[in-house]
Amino acid sequence: MTQTPPSAYRQHPPARRRPIRTLAGLAATALAVSAYANHRAALQAERDNPPRGRFLDLHGVRLHYLERGDGPVLVLLHGNGSMIEDFVGSGLVAMAARTHRVIVFDRPGFGHSTRPRGRVWSAAAQADLLHAALRHLGVARATVLGHSWGCAVAVALARRDPGMVGALVLAAGYHYPTARPEVIGLSAPGVPVLGDGLRYTISPPLARLIWPRLIRRIFAPAPVAPGFAAFPREMALRPSQLRASGAETAMMIPQAAAARHGYRELRMPVAIIAGADDRVVDSEAQSARLHREIAQSSYTVLPGVGHMIHQTAPEAVMAAIERAEGRVGAARPA
């Protein structure tokens, strides 16, 4: 009798495993290509948009700042995902520099400022850094304006050193915790390990796809301001800045929850300004509520204006600055 060789009984892997391996290999290759392309795009964005200002090396951060004008000091702090160019393009820097020494910072991780890992860059941590920077620049007293997430840093700086912050201007701020389901997805690039993979591969092209819709939303119901055309989109879509933006999105709700009990401790004049039709932050639930809580505050609410109030209505923001400094009458109660 002829015996069947043992090799004939060996199990061979199903044929369908080969296509799976092939697809996995293709996916890995695509991700590697995407990571390389995103890295090159980030380098190109930095070459196309060189620093406008100077640098300070403090607390392990290379901090980029722009300085214009002479007079009383006005500090401008941008929102999440933004940078110095936002305030410059709005015309607010040029407007304020006629009467003020204007100092605008790229907050850590944004624009040309670095954001070292291993540290939670909360509003308080950023306030510590900016306090040191202002001291280094010889600033003893300043009016501090924050927009959106920058409001949290402005408030933290005012609480850290009330003697330095003579007045606060809070534009379109998020001050009280609320349910925000979108935070989960937008926080992903800031998550360690998982976020690193996303922000170098998938996140930049996805962000490019949703960019036009996102910009329309933050300006709505007003049209996108002409000055925003100069905003360097590719700088905002670098993996490093996506990490910073994701981290700040993740901190937004807990940051507001931690800060809400300290607003009544503020003793300096506070000018609050918001767009009545803001689709990012509910002005009634946030800015109007804050105005009711801070006795020495003024509140300006602008109909037909959205979240980018400094872009859409820079003159109104400038008036809020002057109001906080006591150079014009108080706004009508809201």
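Which loop does Pro221 lie in? Select Pro221: the loop runs between H8 and helix H9 (233-236). Helices (H or I, at least four residues) and strands (E, at least two) are DSSP runs, numbered from the N terminus.

The model is predicted, so local features need pLDDT of at least 70 and side-chain atom pairs count only at pLDDT 80 or more, while totals for chains, interfaces and linings use all residues. Residues are numbered from 1 along each chain as its sequence is written, and side-chain values use heavy atoms, with hydrogens and water left out.

**Stop 1**

A cis peptide bond joins Ala220 to Pro221, with omega about 5°. Now select His59. His59 is not a glycine, yet has a positive phi of about 55°. His59 sits in the loop between strand E1 (54-58) and strand E2 (61-68). Most residues other than glycine have a negative phi, and most peptide bonds are trans.

**Stop 2: the largest pocket**

Select Asn80, Leu186, Leu214, Ser245 and Thr249. Of the 45 residues lining the largest pocket, these are the closest to its centre. The space there is about 1200 Å³. A pocket is an open set of points on a 1 Å grid over the protein atoms alone, where a 1.4 Å probe fits, with protein on both sides within 12 Å along at least five of seven lines; lining residues have an atom within 4 Å of a point. Volume is the space filled by probe spheres set on the points, which are joined across faces, edges and corners.

Next, colour the helices. Helix H5 (149-160), helix H6 (182-187), helix H8 (203-219) and helix H10 (239-259) each supply at least two lining residues. H8 gives the largest share, ten residues. By class, the lining has 26 nonpolar, 14 polar and five charged residues. Ala, Val, Leu, Ile, Met, Phe, Trp, Tyr, Cys and Pro count as nonpolar; Asp, Glu, Lys and Arg as charged; the others, Gly among them, as polar.

**Stop 3: H5 against H10**

Show H5 and H10. They pack at about 40°, axes 11 Å apart. Axes are lines fitted to C-alpha atoms, for helices over the stretch in contact, and angles run from 0 to 180 degrees between N-to-C directions. H5 and H10 are therefore oblique to each other (under 35 degrees is roughly parallel, over 145 roughly antiparallel, 65 to 115 roughly perpendicular, the rest oblique). Select Trp149, Ala152 and Arg159 in H5: they meet Glu248, Met251, Met252, Gln255 and Ala259 in H10. Contact means heavy atoms within 4.5 Å.
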